[in-house]
Amino acid sequence: MRVFAAASVSPAVHRFLPFLAVLGSVTALGIGTSWAKHWLFPAVGAQGTTALRVGFSALLVLLLWRPWRWHLSRADAKAVVLYGAALGGMNLMFYLSLRTLPFGLAVAIEFAGPLAVAIGSSRRAVDFVWVLLAVAGLGLLLPLGLSGSPLDPAGVAFALGAAVFWALYIVFGKRAGHLHAGHSVSLGLLVAALVVVPVGVAHAGAALLSPGLLLIGVAMAAVSSAVPISLEMMALKRLPKEAFGIMISMEPAVAALVAMALLGEHLSAVQWLAIGCIMAASMGSAATAARPVPPAERRAHAA
(Lines give C-alpha, C1' and ligand atoms only; values in the text may rest on other atoms or scores of the structure.)
Protein backbone atom coordinates (compact mmCIF):
# COMPACT_ATOMS: atom_id res chain seq x y z
CA MET A 1 0.00 0.00 0.00
CA ARG A 2 2.69 2.46 1.02
CA VAL A 3 4.77 1.74 -2.09
CA PHE A 4 1.76 2.25 -4.36
CA ALA A 5 0.79 5.51 -2.64
CA ALA A 6 4.30 6.86 -2.85
CA ALA A 7 4.52 5.98 -6.53
CA SER A 8 1.21 7.69 -7.30
CA VAL A 9 1.94 10.85 -5.27
CA SER A 10 5.59 11.28 -6.20
CA PRO A 11 5.09 12.59 -9.79
CA ALA A 12 2.67 15.24 -8.55
CA VAL A 13 5.04 16.27 -5.78
CA HIS A 14 7.94 16.54 -8.21
CA ARG A 15 5.82 18.56 -10.62
CA PHE A 16 4.92 21.18 -8.01
CA LEU A 17 8.23 21.12 -6.12
CA PRO A 18 9.89 23.93 -8.17
CA PHE A 19 6.83 26.17 -7.72
CA LEU A 20 6.78 25.48 -3.98
CA ALA A 21 10.52 26.16 -3.79
CA VAL A 22 10.18 29.57 -5.46
CA LEU A 23 7.15 30.41 -3.31
CA GLY A 24 9.11 29.36 -0.22
CA SER A 25 12.04 31.50 -1.32
CA VAL A 26 10.08 34.74 -1.76
CA THR A 27 8.08 34.02 1.40
CA ALA A 28 11.25 33.51 3.46
CA LEU A 29 12.67 36.72 2.00
CA GLY A 30 9.47 38.55 2.95
CA ILE A 31 9.42 37.14 6.47
CA GLY A 32 13.08 38.04 7.06
CA THR A 33 12.56 41.60 5.84
CA SER A 34 9.37 42.00 7.89
CA TRP A 35 11.21 40.80 10.99
CA ALA A 36 13.93 43.34 10.26
CA LYS A 37 11.46 46.19 9.91
CA HIS A 38 9.59 45.22 13.08
CA TRP A 39 12.45 44.29 15.43
CA LEU A 40 15.55 46.07 14.20
CA PHE A 41 14.39 49.39 12.73
CA PRO A 42 13.33 50.82 16.13
CA ALA A 43 16.67 49.84 17.70
CA VAL A 44 19.33 50.52 15.05
CA GLY A 45 17.51 52.16 12.15
CA ALA A 46 17.57 51.19 8.49
CA GLN A 47 21.34 51.65 8.26
CA GLY A 48 22.08 49.41 11.25
CA THR A 49 19.59 46.84 10.01
CA THR A 50 21.32 46.72 6.63
CA ALA A 51 24.68 46.29 8.34
CA LEU A 52 23.44 43.37 10.43
CA ARG A 53 21.68 41.65 7.57
CA VAL A 54 24.38 42.00 4.93
CA GLY A 55 27.21 41.47 7.41
CA PHE A 56 25.86 38.21 8.80
CA SER A 57 24.73 37.06 5.34
CA ALA A 58 28.29 37.57 4.10
CA LEU A 59 29.68 35.62 7.06
CA LEU A 60 27.27 32.70 6.56
CA VAL A 61 27.88 32.47 2.82
CA LEU A 62 31.66 32.79 3.22
CA LEU A 63 31.65 29.88 5.67
CA LEU A 64 29.42 27.89 3.32
CA TRP A 65 31.39 28.40 0.09
CA ARG A 66 34.96 29.19 1.32
CA PRO A 67 35.83 31.26 -1.78
CA TRP A 68 39.54 31.34 -0.92
CA ARG A 69 39.73 27.89 -2.52
CA TRP A 70 39.39 29.44 -6.00
CA HIS A 71 41.83 31.60 -7.94
CA LEU A 72 40.65 35.13 -8.79
CA SER A 73 42.25 37.13 -11.59
CA ARG A 74 42.65 40.90 -11.39
CA ALA A 75 39.92 41.46 -14.00
CA ASP A 76 37.54 39.14 -12.14
CA ALA A 77 38.36 40.86 -8.85
CA LYS A 78 37.37 44.22 -10.36
CA ALA A 79 34.09 42.75 -11.62
CA VAL A 80 33.33 41.25 -8.20
CA VAL A 81 34.08 44.55 -6.45
CA LEU A 82 31.66 46.44 -8.73
CA TYR A 83 29.06 43.69 -8.35
CA GLY A 84 29.37 43.71 -4.55
CA ALA A 85 29.32 47.50 -4.29
CA ALA A 86 26.10 47.61 -6.33
CA LEU A 87 24.68 44.89 -4.08
CA GLY A 88 25.52 46.88 -0.96
CA GLY A 89 24.01 50.06 -2.38
CA MET A 90 20.87 48.19 -3.41
CA ASN A 91 20.33 46.77 0.08
CA LEU A 92 20.99 50.09 1.79
CA MET A 93 18.64 52.04 -0.49
CA PHE A 94 15.93 49.39 -0.13
CA TYR A 95 16.01 49.41 3.67
CA LEU A 96 16.03 53.21 3.72
CA SER A 97 12.87 53.14 1.58
CA LEU A 98 11.16 50.82 4.08
CA ARG A 99 11.27 53.54 6.74
CA THR A 100 8.31 55.25 5.08
CA LEU A 101 6.98 52.87 2.41
CA PRO A 102 4.94 49.66 2.79
CA PHE A 103 7.11 46.63 2.09
CA GLY A 104 5.15 45.37 -0.93
CA LEU A 105 5.18 48.76 -2.65
CA ALA A 106 8.93 49.20 -2.08
CA VAL A 107 9.54 45.83 -3.73
CA ALA A 108 7.25 46.72 -6.64
CA ILE A 109 9.08 50.00 -7.30
CA GLU A 110 12.45 48.26 -6.97
CA PHE A 111 11.43 45.80 -9.70
CA ALA A 112 11.78 48.68 -12.18
CA GLY A 113 15.54 48.02 -12.15
CA PRO A 114 15.64 44.48 -13.58
CA LEU A 115 12.71 45.30 -15.85
CA ALA A 116 14.64 48.20 -17.36
CA VAL A 117 17.67 45.99 -17.98
CA ALA A 118 15.61 43.18 -19.52
CA ILE A 119 13.56 45.43 -21.78
CA GLY A 120 16.41 47.80 -22.60
CA SER A 121 18.38 44.99 -24.21
CA SER A 122 15.56 44.16 -26.64
CA ARG A 123 13.98 46.01 -29.54
CA ARG A 124 10.98 43.76 -30.18
CA ALA A 125 7.51 45.29 -30.44
CA VAL A 126 6.07 43.09 -27.67
CA ASP A 127 8.45 44.65 -25.17
CA PHE A 128 6.64 47.97 -25.50
CA VAL A 129 3.60 46.26 -23.95
CA TRP A 130 5.67 45.41 -20.86
CA VAL A 131 7.06 48.95 -20.79
CA LEU A 132 3.55 50.39 -20.81
CA LEU A 133 2.43 48.03 -18.04
CA ALA A 134 5.43 48.91 -15.90
CA VAL A 135 4.97 52.64 -16.49
CA ALA A 136 1.28 52.33 -15.63
CA GLY A 137 2.09 50.53 -12.41
CA LEU A 138 4.74 53.04 -11.38
CA GLY A 139 2.48 55.92 -12.37
CA LEU A 140 -0.12 54.65 -9.89
CA LEU A 141 2.50 54.60 -7.13
CA LEU A 142 4.82 57.54 -7.67
CA PRO A 143 3.84 60.84 -5.99
CA LEU A 144 3.60 62.78 -9.25
CA GLY A 145 0.52 64.75 -8.28
CA LEU A 146 -1.52 62.87 -10.89
CA SER A 147 -2.85 59.90 -8.96
CA GLY A 148 -3.18 61.44 -5.53
CA SER A 149 -0.63 58.96 -4.21
CA PRO A 150 0.06 59.40 -0.48
CA LEU A 151 3.49 57.76 -0.70
CA ASP A 152 6.39 59.61 0.88
CA PRO A 153 8.56 61.18 -1.86
CA ALA A 154 11.82 60.43 0.01
CA GLY A 155 10.81 56.78 0.42
CA VAL A 156 9.97 56.53 -3.27
CA ALA A 157 13.33 58.13 -4.15
CA PHE A 158 15.17 55.53 -2.05
CA ALA A 159 13.17 52.70 -3.69
CA LEU A 160 14.05 54.07 -7.13
CA GLY A 161 17.68 54.28 -5.99
CA ALA A 162 17.46 50.60 -5.05
CA ALA A 163 16.08 49.90 -8.53
CA VAL A 164 19.08 51.66 -10.12
CA PHE A 165 21.50 49.67 -7.97
CA TRP A 166 19.63 46.44 -8.81
CA ALA A 167 20.09 47.22 -12.51
CA LEU A 168 23.82 47.86 -11.93
CA TYR A 169 24.00 44.64 -9.90
CA ILE A 170 22.70 42.74 -12.93
CA VAL A 171 25.09 44.45 -15.35
CA PHE A 172 28.15 43.91 -13.15
CA GLY A 173 26.96 40.43 -12.17
CA LYS A 174 27.06 39.38 -15.83
CA ARG A 175 30.76 40.33 -15.95
CA ALA A 176 31.39 37.85 -13.14
CA GLY A 177 28.90 35.32 -14.49
CA HIS A 178 31.59 32.88 -15.64
CA LEU A 179 32.74 32.36 -12.05
CA HIS A 180 31.30 29.65 -9.84
CA ALA A 181 28.11 31.00 -8.22
CA GLY A 182 29.41 30.33 -4.72
CA HIS A 183 32.64 32.14 -5.55
CA SER A 184 31.07 35.31 -6.97
CA VAL A 185 28.16 35.51 -4.51
CA SER A 186 30.28 35.03 -1.39
CA LEU A 187 32.92 37.55 -2.46
CA GLY A 188 30.24 39.95 -3.69
CA LEU A 189 28.53 39.79 -0.30
CA LEU A 190 31.86 40.44 1.40
CA VAL A 191 32.30 43.62 -0.66
CA ALA A 192 28.69 44.61 0.04
CA ALA A 193 29.34 44.19 3.76
CA LEU A 194 32.42 46.40 3.52
CA VAL A 195 30.21 49.05 1.91
CA VAL A 196 27.23 49.00 4.31
CA VAL A 197 28.68 47.93 7.68
CA PRO A 198 30.63 51.20 8.17
CA VAL A 199 27.44 53.14 7.38
CA GLY A 200 25.52 51.09 9.95
CA VAL A 201 28.22 51.49 12.59
CA ALA A 202 28.35 55.25 12.01
CA HIS A 203 24.57 55.47 12.45
CA ALA A 204 23.88 52.98 15.27
CA GLY A 205 27.26 52.67 17.00
CA ALA A 206 27.52 50.30 19.97
CA ALA A 207 23.82 49.42 19.76
CA LEU A 208 24.75 46.95 17.03
CA LEU A 209 26.62 44.88 19.63
CA SER A 210 23.55 44.13 21.73
CA PRO A 211 23.42 40.29 22.13
CA GLY A 212 19.68 40.20 21.45
CA LEU A 213 20.02 42.23 18.26
CA LEU A 214 22.94 40.12 17.11
CA LEU A 215 20.85 36.96 17.49
CA ILE A 216 18.00 38.54 15.53
CA GLY A 217 20.52 39.62 12.88
CA VAL A 218 21.84 36.07 12.48
CA ALA A 219 18.30 34.67 12.23
CA MET A 220 17.33 37.36 9.71
CA ALA A 221 20.41 36.65 7.60
CA ALA A 222 19.64 32.92 7.58
CA VAL A 223 15.97 33.36 6.68
CA SER A 224 16.60 36.15 4.15
CA SER A 225 19.70 34.69 2.47
CA ALA A 226 20.56 31.05 3.23
CA VAL A 227 17.01 29.73 2.87
CA PRO A 228 16.12 31.64 -0.36
CA ILE A 229 19.46 30.76 -1.99
CA SER A 230 19.00 27.04 -1.23
CA LEU A 231 15.39 26.97 -2.45
CA GLU A 232 16.14 28.92 -5.62
CA MET A 233 19.07 26.67 -6.50
CA MET A 234 16.67 23.72 -6.13
CA ALA A 235 14.11 25.41 -8.40
CA LEU A 236 16.67 26.42 -11.05
CA LYS A 237 17.76 22.79 -11.42
CA ARG A 238 14.21 21.76 -12.32
CA LEU A 239 12.88 24.78 -14.24
CA PRO A 240 13.71 26.58 -17.47
CA LYS A 241 15.12 29.95 -16.49
CA GLU A 242 12.29 31.77 -18.29
CA ALA A 243 9.75 29.92 -16.11
CA PHE A 244 11.83 30.74 -13.05
CA GLY A 245 11.73 34.42 -14.02
CA ILE A 246 7.94 34.29 -14.30
CA MET A 247 7.54 32.63 -10.90
CA ILE A 248 9.92 34.99 -9.14
CA SER A 249 7.72 37.86 -10.32
CA MET A 250 5.37 36.87 -7.50
CA GLU A 251 7.70 38.64 -5.07
CA PRO A 252 5.90 42.04 -4.83
CA ALA A 253 2.53 40.39 -4.14
CA VAL A 254 4.00 37.92 -1.64
CA ALA A 255 5.87 40.75 0.09
CA ALA A 256 2.65 42.75 0.36
CA LEU A 257 0.74 39.78 1.79
CA VAL A 258 3.48 38.95 4.31
CA ALA A 259 3.67 42.60 5.38
CA MET A 260 -0.11 42.70 5.77
CA ALA A 261 -0.01 39.62 8.02
CA LEU A 262 3.09 40.48 10.08
CA LEU A 263 3.23 44.28 10.01
CA GLY A 264 -0.41 45.26 9.53
CA GLU A 265 0.41 47.12 6.29
CA HIS A 266 -2.82 47.29 4.28
CA LEU A 267 -2.79 48.56 0.70
CA SER A 268 -5.50 50.33 -1.24
CA ALA A 269 -7.17 48.85 -4.32
CA VAL A 270 -5.18 51.24 -6.53
CA GLN A 271 -1.91 50.13 -4.94
CA TRP A 272 -2.78 46.46 -5.49
CA LEU A 273 -3.58 47.32 -9.11
CA ALA A 274 -0.16 48.97 -9.42
CA ILE A 275 1.54 45.85 -8.04
CA GLY A 276 -0.46 43.74 -10.51
CA CYS A 277 0.70 45.89 -13.45
CA ILE A 278 4.35 45.64 -12.44
CA MET A 279 4.09 41.88 -11.86
CA ALA A 280 2.41 41.43 -15.25
CA ALA A 281 5.20 43.42 -16.91
CA SER A 282 7.84 41.28 -15.18
CA MET A 283 6.09 38.02 -16.05
CA GLY A 284 5.55 39.09 -19.65
CA SER A 285 9.16 40.15 -20.05
CA ALA A 286 10.36 36.79 -18.69
CA ALA A 287 7.86 34.80 -20.77
CA THR A 288 8.82 36.44 -24.08
CA ALA A 289 12.54 36.75 -23.39
CA ALA A 290 14.68 35.60 -26.29
CA ARG A 291 17.47 34.73 -23.91
CA PRO A 292 17.59 32.92 -20.55
CA VAL A 293 17.30 34.97 -17.36
CA PRO A 294 20.77 34.96 -15.79
CA PRO A 295 20.91 33.85 -12.15
CA ALA A 296 22.80 37.07 -11.38
CA GLU A 297 19.57 38.97 -11.96
CA ARG A 298 18.11 37.62 -8.73
CA ARG A 299 18.35 39.85 -5.72
CA ALA A 300 17.74 37.06 -3.22
CA HIS A 301 21.28 35.80 -3.71
CA ALA A 302 22.18 38.56 -1.34
CA ALA A 303 19.27 40.57 -0.13
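Guide: Helix α4 passes helix α11 in a left-handed crossing; a crossing is called left-handed if the near helix is turned anticlockwise from the far one by less than a right angle, and right-handed if clockwise. Helices (H or I, at least four residues) and strands (E, at least two) are DSSP runs numbered from the N terminus. The model is predicted, so that local features need pLDDT of at least 70 and side-chain atom pairs count only at pLDDT 80 or more, whereas totals for chains, interfaces and linings use all residues. Residues are numbered from 1 along each chain as its sequence is written, and side-chain values use heavy atoms, with hydrogens and water left out.

Helix α4 covers residues 112–120 and α11 residues 269–287; they pack at about 40°, with their axes 10 Å apart. Axes are lines fitted to C-alpha atoms, for helices over the stretch in contact, and angles run from 0 to 180 degrees between N-to-C directions. Leu115, Ala118 and Ile119 of α4 make the contact with Ile278, Ala281, Ser282 and Ser285 of α11, contact meaning heavy atoms within 4.5 Å. Five of these residues are nonpolar, two polar and none charged (Ala, Val, Leu, Ile, Met, Phe, Trp, Tyr, Cys and Pro count as nonpolar, Asp, Glu, Lys and Arg as charged, and the others, Gly among them, as polar).

Helix α2 (residues 74–97) packs with α7 at an angle of about 50°, their axes lying 7 Å apart. The two are therefore oblique to each other; angles under 35 degrees count as roughly parallel, over 145 as roughly antiparallel, 65 to 115 as roughly perpendicular and the rest as oblique. The crossing of α2 past α7 is right-handed. Residues of α2 in this contact include Val80, Tyr83 and Gly84, and those of α7 include Ser184, Gly188 and Val196. The contact of α2 with α7 comprises 14 nonpolar, four polar and no charged residues.

Val196 is also the site of a kink of about 25° in α7, shortly before Pro198; the bend at a residue is the angle between axes fitted to the seven residues ending there and the seven starting there. Gly205, with a positive phi near 60°, follows α7.

Helix α2 also packs with α3 (residues 103–110), at about 140° and with axes 10 Å apart. Here, Met90, Phe94 and Ser97 of α2 meet Phe103, Ala106, Val107 and Glu110 of α3.
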